[in-house]
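Hi,

Here is the structure I promised to pass on. Have a look at it first, and my notes follow below.

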Amino acid sequence: MATKKIYLYPVWVRLWHMINALMILLLILTGISMRYSTPENPLIRFDIAVGIHNVAAFIVTFNYGIFVIGNILTRNGRYYRKWRKNLATNLWKQFVFYAVGIFRKEPHPFPINEEQKFNPLQKFSYVIVMYLCMPLLILSGLGLMFPDLIAYKVFNISGLVFYDVVHIILGFVISLFVLIHIYTCTLGDKPGTLFKSMINGYHEEHE
Amino acid sequence: MKKIPIPMIAGILLAACIMTFAQIPEADTSRIKSSYYEVNDFVEENENCLKCHGEVKYALEDTLFGRVLTQYMCPADILDRDAFYTGVHRAFSCTDCHSYDYETFPHPLEARLEEMYTCLDCHGYDENFAHYNFEVIQEEFEASIHNIDEFSCWKCHDPHSYRAFIRNSQDIEEAVRYDNNMCLNCHSNFDRFMLLTDREEINLVESHDWLPNQVSHFSSVRCIECHTEINDTILVAHKILPREEAVKKCTECHSRNSRLMQTLYKFEVKEGRKGGFVNGVILNDAYVIGANQNDFLNWISLLVFGLTLVVILFHTVLRIRNNKN
């Protein structure tokens, strides 16, 4: 069977993704450790967890800036901007494929090509995560890192509580996204195919 | 003309000196506020002291030669009238605690060397004050590193202005500032610090450089949260620990069993949970990572995460079975 190779992931995207993945995993780990810390059994010692979390947060913030600027300046941005028509129908089609079609060896409803790097579900979740959740997560995190700069009261509750609840909820959403993202990356031709793509830059699929 | 012998002149001058009266001018009653009378029956009597000790300067009048000398009052001996009449001892007359000898000026040395009362002299073993448990406070003080020569209750709790802030305040942040200032009065003022110890000057910012977000910590919690041993029988722990025994483990506060609930928020613990938050009473004033978990969010997140894992596992099993077939 012939293998089709499309170069979809330029070096900067792969580097950005690698740094982002590592830092987000560190943030999740240290975030959970801080939140559920106990004097007897800390997953990571609290002060160390705070230190790692802060450094990783700065790197992710800087990295996020590269992502946004990169998507403005390069062709990679079009994958997030250009939408197929009938979004709801497409989302449903992709969902049904993951739920049923994949087991029946049905063809992908939205095959990957140079114009469409993501299927509708991917694109929808990536846009929500990268352009809605991440900025709010970063802003709320900066608020917690520099508590003197945030409003004392927000919606009649402590500004710190508000920022923290937003940060925790978004952190959880991102954690869930990471879990699903890693799993769906095993849905290529072989479980390791899509991971390989993010290393060599080529999307591969059997024709 | 017969010359007056020099020893006689000296004698006359000496007698004049002895007979000279240094007198303090009358009190300026314009400094008295009507609110003082609401809490104290000795306001005018107290002015005999406060006309000097309530001012940054005082006038000494030489009644023999009519000369008036203006002098600065020693800052440590100046009292703030407003602070006195809002403090815990606001109803007192100065001579309730100080010797009547102070009514003469210059104050006699015996009066200045008089032994001051301690808290227990008035508050100890008295059922009217039993709920404050002063006896335990004294025991804690005696076991504390503050138990050194010349240290007394008054070094922290100025009887002329002290307010039982944490017990009565609704504003924790203000109470924290008030209480921390008691420590900083000496620990960030070397002039006062060196009166009691030969230790070198402490730079509090440097000695706490391990503590992240110093400003937030210093404005949200009291020094004694970390520098005392918890005692459940008194509201405010008084056993100040040696530096090396101070709490340095973040999770002592940043955890579900936060020690802040046994220290700073001890009086408000009964409020318990607020909107599902563990240690919710802290949320009135601050937010402590680790201590303020929300049980509702905890359960929801566990449920969603668990369900996602189940779906992934189920999907994986189906894929494996499908591939085998």
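First, how the helix geometry works: axes are lines fitted to C-alpha atoms, for helices over the stretch in contact, and angles run from 0 to 180 degrees between N-to-C directions. Helices (H or I, at least four residues) and strands (E, at least two) are DSSP runs, numbered from the N terminus. This is a predicted model, where local features need pLDDT of at least 70 and side-chain atom pairs count only at pLDDT 80 or more, while totals for chains, interfaces and linings use all residues. Residues are numbered from 1 along each chain as its sequence is written, with chains lettered from A and ligands numbered from 1 in the order in which they are written.

In chain A, helix α1 (residues 11–35) packs on helix α6 (residues 159–184) at an angle of about 125°, their axes 11 Å apart. On the α1(A) side, A:Ile24, A:Ile28 and A:Gly31 meet A:Gly171, A:Ile174, A:Ser175 and A:Val178 of α6(A) (contact means C-beta atoms, placed from the backbone, within 7 Å).

Between the chains, the contact takes 22 residues from chain A and 24 residues from chain B. On the chain A side, α6(A) gives the most, with 9 residues.

Over in chain B, strand β2 (residues 57–62) is joined to β3(B) by 5 bridges, and the two run antiparallel (strands pair if DSSP finds at least two bridges between them). B:Lys57 stands opposite B:Tyr72 in β3(B). The two strands, β2(B) and β3(B), form a hairpin with 5 residues between them, and B:Gly66 in the turn has a positive phi of about 75°.

Cheers

How values were computed: Two residues are in contact if their C-beta atoms, placed from the backbone, lie within 7 Å.
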